[in-house]
Amino acid sequence: MASGIKRKALTISDKLNILKKYDEGLAEKKKQKDIANELGIPPSTLRTLLKNRHEIEQSSLLGGSKRQKLKHGKYEELENILLEWFQQARSLNYPINGGIITEKAMEIAARLNLTEFSGSTGWLDRFRSRHSIVYRQISGEAESVNNDDIASWKNNVLPSLLRDYAPDDVYNADEFGLFFKLMPDKSFVFKNETCHGGKLSKERLTVLVCTNSTGTHKLKFIINF
């Protein structure tokens with residue numbers, strides 16, 4: 001170790017800064033040992049940082065610049081492949097939930113012959129924690145109907161409307177829009193990622209459904225393209 005240089009814990013941010021300074025020194029054709037001395041770190045530390053450069057830069061992308069250590073799970077190779085897939089999927093604004101992550105992890109485990117990997121809920125929670133992945137709303141939800149209004153209508157209005165009809169003769173019809181190309185509105189994302197879902201498809205079908213109150217007579221759907 002160079003004289004007078006003390007070891008200290010480096011954050012991911014510190015390591016990125018050292019790598020940047022190294023690149024600048026390399027461009028000036030300085031020797032690795034001289035660059036380490038200028039940075040105040042042992043040459044062995046610099047060599048270790050260069051060796052782990054890809055992981056350090058990946059950790060920065062995941063919002064971990066204040067952490068001192070890179071955390072790895074038991075299935076490091078599996079998680080590295082899974083993380084690359086997750087980054088690609090999010091770059092395309094695909095919404096991703098826990099089931100999708102687990103299914104992809106199981107697929108990777110099969111390719112790597114990791115027969116003991118189970119993709120448990122505990123593993124998923126630890127994977128998310130290690131890589132700063134959170135579950136967020138992509139778009140807002142409609143405001144719900146007031147429960148007091150519903151109860152009042154059912155108790156005070158509905159009985160008088162049904163008084164003269166048998167249950168089999170009481171029908172309810174309603175229409176809804178089926179956005180058959182619309183993606184889910186929640187997804188796992190990196191903690192420091194702005195949660196965008198891309199342009200939402202507006203292609204829809206309008207569907208009318210109708211049945212009697214006992215469910216014994218259900219009319220065929222009427223669909224408007």
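Residues are numbered from 1 along each chain as its sequence is written. In this predicted model, local features need pLDDT of at least 70, side-chain atom pairs count only at pLDDT 80 or more, totals for chains, interfaces and linings use all residues, and side-chain values use heavy atoms, without hydrogens and water.

Biologist: How many aromatic pairs are there?
Modeller: Rings of Phe, Tyr and Trp (its six-membered ring) pair if their centres lie within 6.5 Å. Planes under 30 degrees apart count as stacked, over 60 as edge-to-face and the rest as tilted. By this rule the count is three.

Biologist: Which type of pair do Y75 and F117 form?
Modeller: Their ring centres are 5.1 Å apart. The planes stand at 80°, so the pair is edge-to-face.

Biologist: Is Y75 buried or exposed?
Modeller: Buried means under 20% relative accessible area, exposed over 50%, partly exposed in between (1.4 Å probe, protein chains only). Y75 has 13% relative accessibility, so Y75 counts as buried.

Biologist: Which type of pair do W123 and F127 form?
Modeller: Both W123 and F127 are buried. Their ring centres are 5.3 Å apart, with planes at 20°, so the pair is stacked.
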